[in-house]
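Q: I would like a close look at one helix and what surrounds it. Please keep it brisk.

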Amino acid sequence: MSSQLTPELERKLTTAVERMPAFPKSVQAILEMTRNVDCLPKDLVGVIEKDPVMTVKILRVINSAYYGLPNKITSVAQSVVYLGINTIKNLALSFAAVGILPRFSTTGFDIQKYLLHSLTVAFVARLLCEKFARGEADPMDCYIAGLLHDFGKVVFTQFLSIEFMKSLAIAVDFDKPLHIAEQETIGADHAYVGALLAKKWQFAEPLVECIRDHHNPAAAPSAMMDCLRMADMICRRQAFGDAGNPWREEELSQMPARFGGEIESVIAKVGDLEKILADAQSFAQIGTER
Amino acid sequence: MKVRLWGVRGSIAVPGPRTVRYGGNTTCIEVRGDDDALIVLDAGTGIFPLAQSLLAHLPVTAHIFITHTHWDHIQGLPFFIPIFIPGNTIRLYGAFDLIAQRGIEHVMQVQLQFSYFPIREAELKARIEYETLSVGVPVTVGEAAVTPVLMNHPVPDLGYRIECNGKSLFFTGDHEPHYNIYSPGEEGYDEYQAAIEQRQAELDAAIGAVDLLIVDSAYTSEEYPHKRGWGHGTFDSAIELAKRVGAKRLICTHHEPTRSDDDLERVFNEALARHPDFGCEILLAQEGLEITL
Ligand SMILES: [Zn+2]
Ligand SMILES: [Zn+2]
């Protein structure tokens, strides 16, 4: 489905994330909260788990070989159980010190709309799991899958900006799925690169697979994948945020079977999408524009 | 195996008449394998009298395992006199420092800086080796095996399980039993609780039914609510841990620095009274206490 990256490019991308800044709202919130010695651990976790960059960095650290954990850690809260809130706090502060992602990268990719997309997909995937896949997948895993599924795009926009800009243009001008455009211009799509990174950081295998295959209709389905794909469809169809891959009505034919036939009825069962959107907007700092 | 306690105090050394019976030095435990191999757990101020005791038997090879890098567990390191004497070998083991992104060599470099200590690392005469540990991966020291276990403290903290010819001991370093950061009913509570219980079970399994369990029991249960999140356990949590894993003997250590000997005995006896059915020997850590396993 996608050709291999050159080893040189692969190295460039895996080291890239070290230097990747976090999102403005989380950096600001973390700096404010940590000035108070009594800051509540749950509030800190709440901020970190809304920021894909912070989440990735924390999970990468906790899953490193030094801690030899029997099961891979897939949530920020779990990381707190293992490392303690003070260590997580200081890690977050060190990530905050790297700086903040600019709203628009040189590619024109709107980083805040990307965040809004990732956050709404994460929230909806968790809800879908609770309502349609209870016992088959972990809602928090679905949340993380939603938050990180398009992480490859942030890496592209930061470190392969010219090629990614081309992909974005092709997707819009030729009405092509973005991942196909990426394969043409970069040689690998964001799903492949996201999964490559997730694997490198020893994330749990189902999460790696979910990121890798979220655009691959031939991949073996799983409950987590169903929830992620369905959430992605819903959020793109409702135009919650934007990650460079506009909704195409013909995608409806690929709706996972477990949710029944009509996207409207799934949306109705998920509940209050506007509240999800408002929550995500307040964090992504997008306000009411979309 | 032989165990000798050289420092049993938490946070800061507190010499003086109020602590003369149990001792004022910060954490340091000497463990000797059956082949007499020297394992030192932590380098608080208690490592200084230990060092004095070694000078009659030079050269020494010392395997020093650091639980974590808070001052009370490392501050004696530059005063471990064998590091200045040629012919000795000191091997320092400890956790990877996540924030500094450095291995355990960091601890020596930080302490031996010009402003804080007159001798540079390069000037140490003994052979100094460093080994940054991976959690769960045992290290062999003579006939003994030392396995690091990740504990719960405001900085990554390793407990150590030492096994030698069928005998075993576990030292928690500083450790606070996990608690839920959410309140009952809040979103995230159940999930966090499940993660804690799983973690607790993993920890209990890693500790196992040891012959000797040495546990951070800094606080009383009454004091604990004001100290939650500070990274220390209570007498009661230590006793519960010993019960769960089926330890044969328990030593309560990391005494609160303001606690006098009399107060220490009083709160200890109160805790014992709350656990009348406790099935194993339980002792207060005391400088000079020696146990043969
Ligand atoms: Zn301590
Ligand atoms: Zn400590």
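Which residues are buried in α4(B)?

A: The model is predicted: local features need pLDDT of at least 70, side-chain atom pairs count only at pLDDT 80 or more, and totals for chains, interfaces and linings use all residues. Residues are numbered from 1 along each chain as its sequence is written, chains are lettered from A and ligands numbered from 1 in the order in which they are written, and side-chain values use heavy atoms, with hydrogens and water left out.

The buried residues of α4(B) are F235(B), D236(B), S237(B), A238(B), I239(B), L241(B), A242(B) and V245(B). Buried means under 20% relative accessible area, exposed over 50%, and partly exposed in between (1.4 Å probe, protein chains only). Helices (H or I, at least four residues) and strands (E, at least two) are DSSP runs, numbered from the N terminus. Eight of the 11 residues of α4(B) are buried, so the helix is mostly covered. The cover includes α3, β11, β12, α5 (261-274) and β13 of chain B. Contact here means heavy atoms within 4.5 Å. Just past the helix, G246(B) has a positive phi of about 75 degrees.

β11(B) and β12(B) (residues 249-253) run parallel and share four bridges. Two strands pair if DSSP finds at least two bridges between them. L213(B) faces L250(B) of β12(B). α4(B), residues 235-245, carries the chain from β11(B) to β12(B) in a right-handed β-α-β crossover. Right-handed means that, with the strands pointing away from the viewer, the path from the first strand over the helix to the second runs clockwise.

β11(B) spans residues 212-216, and five of its five residues are buried. Both of its faces are covered: L212(B), I214(B) and D216(B) lie on one side, L213(B) and V215(B) on the other. β11(B) also runs parallel to β10(B) (residues 167-171), joined by three bridges. There L169(B) has L212(B) as its bridge partner. β10(B), α3(B) (residues 189-207) and β11(B) form another β-α-β unit, again right-handed.

These strands belong to an open, mixed sheet of seven, in the order β7-β8-β9-β10-β11-β12-β13 (chain B). β7 (139-141) and β13 (281-284) of chain B are the edges; each has a single partner strand, so one side of each lacks a neighbour in the sheet. The twist averages 20 degrees from one strand to the next. Axes are lines fitted to C-alpha atoms, for helices over the stretch in contact, and angles run from 0 to 180 degrees between N-to-C directions. β8(B) and β9(B) are antiparallel, with seven bridges. V149(B) has G159(B) in β9(B) as its bridge partner. α3(B) packs on the sheet, touching β8, β9, β10 and β11 of chain B, and its direction makes about 170 degrees with that of β8(B).

Donors are N, O and S atoms within 2.8 Å of the metal (3.2 Å for Na, K and Ca); water is not among the atoms, so sites may look incomplete. The zinc ion (ligand 2) lies 3.3 Å from the zinc ion (ligand 1), and D174(B) coordinates both. H153(B) sits in the loop between β8 (144-150) and β9 (158-164) of chain B, and D174(B) in the loop between β10 and α3 of chain B, 21 residues apart. H153(B) is buried at 3% relative accessible area, and D174(B) is buried at 1%.

The zinc ion (ligand 1) has D72(B) (OD), H73(B) (NE2), D174(B) (OD) and H254(B) (NE2) as donors, at 2.0 to 2.2 Å. Both D72(B) and H73(B) are buried. The angles among the four donor atoms of the zinc ion (ligand 1) run from 88 to 169 degrees, so the arrangement is irregular. Four donors count as tetrahedral if all angles lie between 85 and 135 degrees; four count as square planar and six as octahedral if opposite donors are over 155 degrees apart and all others between 65 and 115; anything else is irregular.
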